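Subject: Structure handover

Hello,

Here is the structure for your set. Please look it over before reading on.

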Amino acid sequence: MPSTKLTIKPERSFTWEQWQARRAERRRVGNLVAPPVIRRKKSDGDEYLRETYEGERGPRFNMAFDPAADEYQK
Amino acid sequence: MTIAEIEASLLLVRQEQGLNAKALLFAALVSELFRERGFEPVVVGGSAIEFYTDGAYMSGDTDICWAGFPMPTMEQRAEIMSQMPGVRSHAGGRSWIYDNLWVDLLGELSCLAEKDFARLQTAAGEVVIIPAEDVLVGRVYAARKWQGYNAEDDACGKKLMATVLSEEIPFDWDEAMRIAESPKYKCLKELTEVRSEVEMELARKSP
């Protein structure tokens, strides 16, 4: 499969495992300064998004580790 | 990609339950199919922010723009997307849905930190993400300057700033300040304010 021809610095290239490993920490740090779920209330494409997701702009966040999942379902 | 490879990647998308990971896997497959034809897709918008922060920000669609030329015509987009069994289009080929997940194929990428793209290698292929410097400055601009104050964009910008200040992602402050000073944004003052606010908040809440 062809790789991108765009310039990518080595430190900005991530494997799936590297990305997954830091997800919970990134979320923890972000939640120190802003609410867990901050999805926009409206934007472009709302019509078909709301048709798809029963009136919401997207599906629920539902990762098991994700504290926002419970928050979003309240 | 062969049809068997495409179907294997689509299976990975269907099996993934987390929205962020699922969207990135689908974006990776779409990206592979377009790169095969000589295009350079880049994930932008809420999905890019979600990649950097896991901030529960993205909606149900992933936005893809094209770095430089050529850009795919509408006919090429339809032809390439139609290689994936079960993918349907909406809005004249701009928006495509698979397994309850939308992808919007947009226009040319607008990006100022051209050497700071991020790349994620997934089992479904490689996905390129707009630089964090562009995303952060753009979000601060949208939150505090573009049309006055926007609380959701501000919260999003703060989450990304917290991720940057915690060194969870590579970030070039000189580049970010250059972008903030550019005629496109002119929001260096706002960027500096958000940085100070988040630094104080992190210092207050960190052990």
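Below is what was found in it, by topic. Please keep in mind that this is a predicted model.

Core. The largest nonpolar core has 74 residues, and those that touch the most other members are B:Ala27, B:Val42, B:Val43, B:Ile129 and B:Val137. Helix H2 of chain B, residues 19-35, gives the most to this core, with 12 residues. As for B:Val42, leaving out residues up to four places away in sequence, its contacts include B:Ile64, B:Cys65, B:Leu109, B:Phe117 and B:Ile129.

Contact between the chains. Chain B puts 50 residues into the contact and chain A puts in 46 residues. On the side of chain B that touches chain A, the elements giving two or more residues include H2, strand E6 (118-122), helix H6 (151-165) and helix H8 (188-205). H6(B) supplies the largest share of that side, 7 residues. Sorted by class, the side of chain B that touches chain A holds 19 nonpolar, 14 polar and 17 charged residues.

Strand pairing. Strand E1 of chain A (residues 13-15) pairs with E6(B) in the parallel sense, over 3 bridges. A:Phe14 has B:Leu120 in E6(B) as its bridge partner.

Helix H7 of chain B. In this helix, residues 173-181, the buried residues are B:Ala176, B:Ile179 and B:Ala180. They lie on the same side of H7(B), because the arc they cover around the axis is only 100 degrees. An α-helix has 3.6 residues a turn, so residues three or four places apart point the same way. Among the elements that cover the buried residues of H7(B) are helix H5 (132-144) and H8 of chain B.

Regards

Terms used:
Residues are numbered from 1 along each chain as its sequence is written. Chains are lettered from A and ligands numbered from 1 in the order in which they are written. This is a predicted model: local features need pLDDT of at least 70, side-chain atom pairs count only at pLDDT 80 or more; totals for chains, interfaces and linings use all residues. A nonpolar core is a set of buried Ala, Val, Leu, Ile, Met, Phe, Trp, Tyr and Cys residues joined through C-beta atoms within 7 Å. A residue is buried if 20 or more other C-beta atoms lie within 10 Å of its own, exposed if 12 or fewer, and partly exposed in between; C-beta atoms are placed from the backbone. Helices (H or I, at least four residues) and strands (E, at least two) are DSSP runs, numbered from the N terminus. Two residues are in contact if their C-beta atoms, placed from the backbone, lie within 7 Å. Ala, Val, Leu, Ile, Met, Phe, Trp, Tyr, Cys and Pro count as nonpolar, Asp, Glu, Lys and Arg as charged, and the others, Gly among them, as polar. Two strands pair if DSSP finds at least two bridges between them. The arc is that of the directions from the helix axis to the C-beta atoms.
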